[in-house]
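Visitor: I would like to learn how to read a model like this one. Please take me through it feature by feature.

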Amino acid sequence: MSREQQAVARARKAFETGRSKPLEYRICQLKNLQRLFTERQKEIVDAIKKDLNKSEQGAQLYETLGLEGEIGLALRKLKEWAAPRSVEKNLLTLSDTVYIQPEPLGVVLIIGAWNYPWAVTIQPLVGAIAAGNAAVVKPSEVCVHTAKVMEDLLPLYIDKELYPVVTGGVTETQELLRQRFDHIFYTGNSTVGKIIMEAAAKNLTPVTLELGGKSPCYIDKNCDISIACRRVTWGKYTNCGQTCIAPDYILCEPSIQDRVIEEVKKSIKEFYTDNPKTCPDYGRIINQHHFKRVMKLLSDSTIAAGGQNDESDCYIAPTVLRDVKPEANVMQEEIFGPVLPILTVSGLDEAIKFINKREKPLALYVFSPDEKLINKVRDETSSGGMVANDCLVHFSISSLPFGGVGNSGMGSYHGKFSFDQLSHMRSCLIKQLKMEGVNSMRYPPHTNNFNTPWHE
């Protein structure tokens, strides 16, 4: 048996003992996971620094703080989430007990991404543990140092048979996908998402796909452009633009394009100084392969700000492109880097048409003081999530489901949504062996059968 087969077999054997099901055991595992982030903060932060050049504060803000909040919520709410859920009855079942019982699916495969390697790998694991599942954790091999720390630390804190960590690249992932799982949770791009879904189909395995896409950002000429651009700059260049819900491009009227560029430049300087390369809060592209990919996207567009780069350091300065054409290279794929194209449109109607011609994005942003305009964008477009007058922050709210639609993914998670996504909602009806007179109306013969006690 391969290492991957062994990990899955051990996880299934452990699940079949039933030890992951009692709420006390789930709570214990979640508390242990919570302890990991308290006791091993330095190892976690150091690895993220090596992989993505995130500062200690940045790693805490965008990775571990959210996870600690997610674990805390699961600990507080688990008994409520796992309790039977009563439902409405019909006439035939008035005297019966009818309810939904959440139960574990079994063995879940969690394939994480490299851009926020702890947040997007461990958040689904919190849901899997809370729901009583076993879970095989596959961190992204692109984040070499973080994957190693995860492999070393997780088995020290949580049940290593129920929740094994499997590291490796494409070959190891392919081997994992050949195994049978009860659910697969994947975070990444739509190309790999299709491969995951195809592999899952062979075993009729349900999937949650957290993908991405080109998240548009419409800036209304009547809004406070200075504040709008400050928030867009933060959302775009955080983690060096390597965020699945980063504003991918701006749509605005030609009359405000120059002002938008100036305000974005001003915010870049405020956040990252005159020389972002030396700023501890400015990250790096994950590797040279992605550096070359992002640089290639710039080839046929006009740079309005930034553009400086250093391949040896995987550094690309915060960059703004102006007068970008829809057919430009940068508009053909999700950028996933610190490049912000600006496309001009005649107004809101053209912006909505532009958005709707393309694949449904993971997030959609609109900046405007006009509630009617915001509602129009909401009602006439489709996206995984929509935020007005800010960027990214919806990810931080556990009471909102986080997920895509269409090409940006399927299924959602965070908080109770993670628990529900990784549970089977089992329909239960408990009837007593009496009151047969009431029940007799459903028995044959049905023709002219109107003299039953039910009808009398």
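Visitor: Is glutamate 210 buried or exposed, and why does it count that way?

Guide: First, the ground rules. This is a predicted model: local features need pLDDT of at least 70, side-chain atom pairs count only at pLDDT 80 or more, and totals for chains, interfaces and linings use all residues. Residues are numbered from 1 along each chain as its sequence is written, and side-chain values use heavy atoms, with hydrogens and water left out.

Guide: Now the cut-offs. Buried means under 20% relative accessible area, exposed over 50%, and partly exposed in between, with a 1.4 Å probe and protein chains only. Glutamate 210 has 2% relative accessibility, so glutamate 210 counts as buried.

Visitor: Where does glutamate 210 sit?

Guide: Elements here are DSSP runs numbered from the N terminus: helices are H or I with at least four residues, strands are E with at least two. Glutamate 210 is in strand β6, residues 207-210.

Visitor: Which residues does glutamate 210 touch?

Guide: Contact means heavy atoms within 4.5 Å. Leaving out residues up to four places away in sequence, glutamate 210 touches a set including Phe185, Tyr186, Phe402, Ser408 and Tyr413.

Visitor: What does the UniProt record say about glutamate 210?

Guide: Read such labels with care. UniProt positions are given in the numbering used here, feature names are shortened, and annotations may be inferred rather than shown by experiment. The unreviewed UniProt entry annotates Glu210 and Cys244 as "active site". They are spread over 35 residues of sequence but cluster in space, with a largest C-alpha distance of 9.1 Å. Glu210 and Cys244 are also in the lining of the largest pocket.

Visitor: What is a pocket, and what is its lining?

Guide: Work on a 1 Å grid over the protein atoms alone. A pocket is an open set of points with protein on both sides within 12 Å along at least five of seven lines. Lining residues have an atom within 4 Å of a point.

Visitor: Where is cysteine 244, and is cysteine 244 buried or exposed?

Guide: Cysteine 244 is in the loop between α9 (225-237) and β8 (249-252). Its relative accessible area is 17%, so cysteine 244 is buried. Beyond its neighbours within four places in sequence, cysteine 244 is in contact with residues including Asn115, Leu211, Glu334 and Phe402.

Visitor: How many strands are in the sheet that holds β6?

Guide: Strands of a sheet pair through backbone hydrogen bonds, either parallel or antiparallel. Two strands pair if DSSP finds at least two bridges between them. Here five strands form an open sheet in the order β4-β3-β5-β6-β16, with mixed pairing. Its edge strands are β4 (134-138) and β16 (409-410), and each pairs on one side only.

Visitor: In which sense do β3 and β5 pair?

Guide: Strand β3 (residues 107-111) and strand β5 (residues 183-187) are parallel, over four bridges. Leucine 109 has isoleucine 184 in β5 as its bridge partner. Strand β3 also holds valine 108. Valine 108 is buried because its relative accessible area is 0%. Its contacts, not counting residues up to four places away in sequence, include Ala134, Val136, Phe181 and Leu422.

Visitor: How do I read a helix, taking α10 as the case?

Guide: An α-helix has 3.6 residues a turn, so residues three or four places apart point the same way. The expected span is 1.5 Å times one less than the number of residues. Helix α10 (residues 254-272) has 19 residues and reaches 27 Å from its first C-alpha to its last, close to the 27 Å expected. Among its buried residues are Ile256, Val260, Val264 and Ile268. The buried residues of α10 pack against β7 (216-219), α9, β8, β9, β12 (319-322) and β13 (339-344). Just after α10, threonine 273 takes a positive phi of about 70°.

Visitor: Where is serine 301, and why does serine 301 count as buried?

Guide: Serine 301 is in the loop between α11 (288-297) and β9 (302-305). Serine 301 counts as buried because its relative accessibility is 16%. Not counting residues up to four places away in sequence, serine 301 touches Leu321, Val324, Ala328 and Val330.

Visitor: How many helices and strands are in the chain?

Guide: The chain has 15 helices and 17 strands. Of its 456 residues, 53% are buried.

Methods
1 Å grid on protein atoms, 1.4 Å probe; cavity = no way out; pocket = protein on both sides within 12 Å on 5 of 7 lines; lining within 4 Å.
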